[in-house]
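Here is a short briefing on a structural model. Read it with the sequence and coordinates open.

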Amino acid sequence: MATRPLALPSPFALPSPLAMLLRAAVLALLAFAIFGPLLNLLLWAFAERWYFPNKLPIEFGLTYWYRVFQPRGNALASLGTSVWIALLTVAFSLAVAIPAGYALARLKLPWRGAILLTFLLPQAVPNLPVYVNIAQVFYQIGLNGTILGVVLVHASHGLVLAVWIASAAFASVDASLEEASRNLGASPWTCFRTVTLPLATPGLIASAIFVFLESLDEFTGTYFVGVPDVTTLPLLMFNATMGGNYQISSITALLLLIPSIGFMLVVERFLKADVLAMVGR
Amino acid sequence: MRGSAGEGQRQHPVITGKASTRGAALALIAPALAVVALFFVAPLAMSVVVAFRGKDGGFTLEHFAKSFDFYTTDLLFTLAIVVASTLLIGAVAIAIAGYLTLGGNPRTIAVLRWLYRWPLFIPFVVAGQLMRTFLAKNGMLNHVLIGSGLIEPLSAQSLLDWRGIVVAFVWKQAPFVTLLLAGAMASLEPQHIEAARNLGARRMSVLIDIVLPQVRGTLLVGLVLSFVTMLSVLSVPLMINPNSPTMVTVDVAYRISTHADYPVANALCLLSLALAAIGAVFYLRHAAARVEGG
């Protein structure tokens, strides 16, 4: 190991008090930017009364929590509906995204760029009029206000992530392993089932997580297609916010934050750097 | 694209140009395409028809004329907000991912890695609610600014206008692009970076001259996805800045809910699509450059 006499350490690597102070200040600012809004939400969730110009709530309490979680309250029902819809959306999306991702990553596909762009469409177009038009069609065929209708809308929107990440996951599998299995006489299906799919599983789980969260958080499509029978958690939260009831909306927002932050904490276990590097290629 | 093997690229075992392989590939991808076609492209086509159809059933441009009459400001406002947010997201992502890859202080890197990701999966509708209370005149931001003596109590102002939308967008989307970018940077050949560092290159020039060019594609994909995502968000502008000038998505919702004016709503949607096409062009140009460059 040669020393590096010529390489002067950058100012940021110096253990000088000034550099340390600078780093700490930047980190503190970033921490405030990230946690400030979350802390504010937490305060609102436990505030009984809070108005101008008080810096903190005048009175803390759990009154609003009882209201949200009362047996006849609709928050728990909405939570159940949201999770059930998200699970169905994941199952449906992966069923079509796995073959599609494999084809995009491994097979010679005509118009590959155009196909990738097609999957980008549901994220590329302001969804509102699309949902309005879907709602009109679904109304005629009896899918409006049904779980299936909402799942179909969520799945078409979540497919971009499912397909892109599945494709990246398959692309990051070492092809020489597949080649070895094929040379030893495995059929393409056996090779896919026993070599490619297990190696791509972490990436596919990540893709499932993304689709689950997309569905859990989806707002506009549910509003138009789910009406009047399907009320998901984001819809409940939005109504509370617009109604000026910050306590109810903050508590509902906290419920939505739990899965979001939970998945954030584990996502890198599934989404490795080698898969990330393949996204969009 | 895939087969253009540079160093470290793998050759794929089953790639042949034969029609049967192509048929199999198309069969595998058909169900996914069908879902998008049925539940997205078809309603979008309906939207085009409605936007260009006059009362007599013939072709007309009056809905677009009306859209420009009423909403030119909002279209520009939307474009400005989304472009500004995209640029800020890119700057934040490069700064954080760059420090994670090249930074000299291990403890700072560990804290930063733990810190930046919190908003990653927080939904837009929740981000809107967070900022609606945080950035309000009586919100926590102003209380902290006043408490630390940075502003006078009387000069505290609500940030719930275009600034609030930009803050909410950057807060929510920057971690996503950072995650993609840091992943791509982590998979670079460490020797290149080491070599440059050994030759005495400063951290900043290593980032700009060596690291960034190699992860340009990933950065662009992240930014394009963010750009088009932000264009279609309804909840954030509706919660933070519902009054004029506002974003086109709010206008679309308004045309439908208040006037049941589907033609103009659909025309506005197509104009947003034109804005989103700018993002698509960026991606296509990048993809084309890669095919040429190998």
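A residue counts as buried if 20 or more other C-beta atoms lie within 10 Å of its own, with C-beta atoms placed from the backbone. By that rule, buried residues make up 48% of the 281 residues in chain A. The model is predicted.

**Chain A: elements and contacts**
- Chain A holds twelve helices and two strands.
- Their order along the sequence is α-β-β-α-α-α-α-α-α-α-α-α-α-α.
- Take the contacts in chain A between residues at least 6 apart in sequence: 74% of them join residues at least 24 apart.

**Chain A: domains**
- Contact between them involves four residues of domain 1 of chain A and six residues of domain 2 of chain A.
- On the domain 1 side of that contact in chain A, helix α1 (residues 17-45) gives the most, with three residues.
- That side of domain 1 of chain A, where it touches domain 2 of chain A, has four nonpolar residues, no polar and no charged.

- Chain B has twelve helices and zero strands.
- From the N terminus on, its elements read α-α-α-α-α-α-α-α-α-α-α-α.
- The C-alpha trace of chain B spans about 70 × 70 × 25 Å along its principal axes.
- Of the 294 residues in chain B, 46% are buried.
- For contacts in chain B between residues at least 6 apart in sequence, 74% link residues at least 24 apart.

**Chain B: domains**
- In chain B the domain assignment gives domain 1 (13-52) and domain 2 (63-293).
- The C-alpha centres of domain 1 of chain B and domain 2 of chain B are 30 Å apart.
- Four residues of domain 1 of chain B contact seven residues of domain 2 of chain B.
- The side of domain 1 of chain B that touches domain 2 of chain B has three nonpolar residues, one polar and no charged.

- Val48(B) sits in helix α1 of chain B.
- Is Val48(B) buried or partly exposed? Val48(B) counts as partly exposed, because it has 15 C-beta neighbours inside 10 Å.
- The C-alpha atoms of Val48(B) and Cys269(B) are 9.1 Å apart, although 221 residues separate the two along the chain.

**Interface between the chains**
- In the contact between the chains, 87 residues of chain B meet 88 residues of chain A.
- Helix α1 (residues 19-52) of chain B gives the most to the chain B side, with 18 residues.
- The side of chain B that touches chain A comprises 54 nonpolar, 26 polar and seven charged residues.

**Nonpolar core**
- The largest nonpolar core has 172 residues.
- Ala97(A), Leu159(A), Val163(A) and Leu181(B) touch the most other members of this core.
- Helix α6 (residues 147-171) of chain A supplies the largest share of this core, 17 residues.
- Which residues does Val163(A) contact, leaving aside its neighbours within four places in sequence? In chain A they are Ala97(A), Ala100(A), Gly101(A), Leu104(A) and Phe119(A); in chain B, Ala32(B).

Notes:
Residues are numbered from 1 along each chain as its sequence is written. Chains are lettered from A and ligands numbered from 1 in the order in which they are written. This is a predicted model: local features need pLDDT of at least 70, side-chain atom pairs count only at pLDDT 80 or more; totals for chains, interfaces and linings use all residues. Two residues are in contact if their C-beta atoms, placed from the backbone, lie within 7 Å. Helices (H or I, at least four residues) and strands (E, at least two) are DSSP runs, numbered from the N terminus. Ala, Val, Leu, Ile, Met, Phe, Trp, Tyr, Cys and Pro count as nonpolar, Asp, Glu, Lys and Arg as charged, and the others, Gly among them, as polar. A nonpolar core is a set of buried Ala, Val, Leu, Ile, Met, Phe, Trp, Tyr and Cys residues joined through C-beta atoms within 7 Å. A residue is buried if 20 or more other C-beta atoms lie within 10 Å of its own, exposed if 12 or fewer, and partly exposed in between; C-beta atoms are placed from the backbone. Domain bounds come from an automatic or database domain assignment.
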